[in-house]
Amino acid sequence: MTTRIPGNDYGVLEPPAPGAWRPRMAVSVVIPARGGQDRLDLTLAALAAQTYPAHLLEVVVVDDGSVPPLRVPGIAPERTRIVRSPQGRRGIAGAMETGAAVADGEVVHRMDADIVPYREHVEAHMRWHHLADYLVVLGRLRFTAATGPLPAPSQVSGAVADGGAHGLFVEDPEHGHDWIDELVAAHRGLRDAPSPLLHRVHVGATVSLPAALLKEAGGLDTSLVLGEDTELGYRLTQTGAVFVPDAEAVCWHLGTTTAMRRPAEVRRHNEPFIADRVPYRRNLRSDPGRQWLVPYVEVVVDVANAPFEDVRASVDGALASTLSDVSVVLTGPWALLDARPPGEEGRAPLDDPLLDLRLVRGQYAGDGRVRLAERVPATSFPAPFRLTCPPGWVPGAESLAMLVEQADKDDEGLLLVALDENETGVVTARLERTSAVARALRVAAEGESPDDVIADLYGATWLDAETWRFRPASRAYPAWASARNREAVRWRAEAERHGREAERAKQQVAALKTELRALRAQAAKGDRATARWKEKAEQRRLEAVALRRERDRSLLRRAARRLRGLAEGGR
C-alpha cells in the first residue's frame, strides 16, 4: 500500500540524512536553455560534482533555438546530452516537454540553466522520492548579484565537490524569494498549508517530481510562454500531489529573474492566462458573466430515468449560482438517442420511451456551460471541486459558494448534504475536493472505500439540506426558474440605481469637503485677524500703562517741587 499522507503533512515521512542511505532510483535533470553557454557550463560543472550516484543521474539539456547551438562542455556529468526543441515548439514549457519525453529517469528534476547546485542538492531531492511516488520537491534558491566575471567551471566543480559551494558567490541582499520563505514558515514548512495555496510555491528553477506524476498531470502547457510553472503546480495539486520544500536542497541562482526585474509587466502578462486556468485565483475572476477554461465547481447530474422537469430544475439551479464559474455534466445513455432499434422508426414522438432524455438534450445541447457524457471520470480534474446533485433537488443561489467556503475552512475533502431518505437509504448531494479524491484513489487498499480514506486524510462532514439551501423541485421550480432572468435584470437595475446614488453621494461628499476647506480657510483667516487685534490691543494697553506711569511720575515730581518750595518759604 502506498504511503498515506494527510493533506500536505509530509511530516509523517522520515527522509534519511544525505550520505546515510543507498539510492536506487534514476533521475533525469532536464535543463531548458537558450544561449548562455557560460552559465550552463557552471550548472553542468556543479552537477558533475553531486553526491548522487553517477550511474543513476542523467542530464538532458534542451537547446531552445540557441545561436550558436549549445554544446556539452569538458566538465559535465558522464550521462549528459543535448537535444533540440522541434520547430514550432519554443519556450520553457515546450523545451521541458521535449526533455521529459526523452528522459529515462523515474524522476524528472527540472533545473534552470543558470543554477549552481550545492554538492548534495540532487540527493536531497531524491531521498524524498524514495519514500512516496506523489511528491513534488522544491529546492531553495540563493540569488547572486552576478556582477563581474564568473568563476571557471573547474573552480565551481572543485568548490562543490569539497562542500564549499556556499563560498562561490556573494548573496544579493536586494533580491530573493522571501515571499516563499514567509509562506513556508507560516505553514510549518507547508505541512498545514491549505490546498489553494500550494501551487504558488511551485517555482521551476529547481523542482523534482516522478515522471509518472508529471504525465498524469498532463505535462506542461506549451501554449504558455510565462507562468507555466505556476499553472503546472495548480494541476499537480489536483492529482493529489504533496509539496515538499527542502531547505537542504540549496543552490545558487546566477542573477535575478525576469519577474524580479519587471514584476508589474510579468503580472500584467500572466493574469489573463492564469485566471483562465487556475480557479483558485479568485481575485482574477471578478467578472460574473464570464465562462472560463477551467471551472471552479463541476456539477454532475445523472439524468438516466429522471423526468425532464427534475433534471431541468437541478441544472438551472446550479447555473444560476452566485458562484459563476460553474460547469454542468449530464450523465446518461446518450448514445441510445441516435441508435433506434428496428421497428421504432415510425413511433410517434410523444410515445418515445426516451422522450425525457431527448428533451434534456434538446434543452442543453447548445449551452456552452453544459456537457453531455455517458459517464464522468473518477475526479473532476482539473476543476478543484465536484458537486454531485440528484435530479429533482435544486441548490440555492448561494449553496455552491457556501459549500466551497465551508470546505476551505479546514481543507476538508468531502461534504455530504442529507436531502431525503427513501427505501434505498439517504439521498445526498456531495461536494468532493478533487485533490482529496485523487489522493484517496492513489493510496486506498484493495476493497477499501475511497470515502473512508478521504475522511481519514482530509476530513468529511455531514450537513443538512435546509441550512445549505437545497430544495426539492416542487418547491423551487418552475416559478423561481421562469422568473430568474427578470430577477437578474431587476437586481442589475437595482445595482445600477444604487451605483448612481452612490455617485451622487460621492459628489455631495466632495462638495461638502470643498465647503469645509473654505470654512476652515475663513476660520483660519479670522483666527489670524483676531490674533492681530489682540496684539494691537495689548500694544495699546502697554502704551496706556506707560502713559499712566509717566503721568504719575510727573504728578509726583510736581508735588515734590511744591513741597520743597513750601518748606523753603517756611524758613
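Reply: The side chains of Asp 411 and Ser 195 form a polar contact at 3.0 Å. A polar contact is a pair of N or O atoms within 3.5 Å; within protein, one must be able to donate a hydrogen and the other to accept it, and residues adjacent in sequence count only if both atoms are side-chain atoms. This is a predicted model, in which local features need pLDDT of at least 70 and side-chain atom pairs count only at pLDDT 80 or more, while totals for chains, interfaces and linings use all residues. Residues are numbered from 1 along each chain as its sequence is written, and side-chain values use heavy atoms, with hydrogens and water left out.

Me: Where is Asp 411 found, and is Asp 411 buried or exposed?

Reply: Buried means under 20% relative accessible area, exposed over 50%, and partly exposed in between (1.4 Å probe, protein chains only). Asp 411 counts as buried because its relative accessibility is 14%. It is found in the loop between α13 (399-409) and β14 (414-422); helices (H or I, at least four residues) and strands (E, at least two) are DSSP runs, numbered from the N terminus.

Me: Which residues is Asp 411 in contact with, leaving aside its neighbours within four places in sequence?

Reply: Contact means heavy atoms within 4.5 Å. On that basis Asp 411 is in contact with Ala 193, Pro 194, Ser 195, Pro 196, Arg 433 and Tyr 458.

Me: How many residues of helix α14 are buried?

Reply: Nine of the 10 residues in α14 (434-443) are buried. Among them are Thr 434, Arg 439 and Arg 442.

Me: How many residues has the largest nonpolar core?

Reply: In soluble globular proteins, nonpolar side chains tend to be buried together. A nonpolar core is a set of buried Ala, Val, Leu, Ile, Met, Phe, Trp, Tyr and Cys residues joined through side-chain atoms within 4.5 Å. Here the largest has 48 residues, and Val 297, Leu 330, Leu 387 and Phe 470 have the most contacts inside it. Another core, of 29 residues, lies apart from it and includes Met 96 and Val 184.

Me: Which residues does His 129 touch, not counting those up to four places away in sequence?

Reply: His 129, in helix α3 (residues 121-129), touches Met 25, Val 107, Leu 135, Val 137, Ser 208, Leu 209 and Pro 210. His 129 is buried, with a relative accessible area of 3%.
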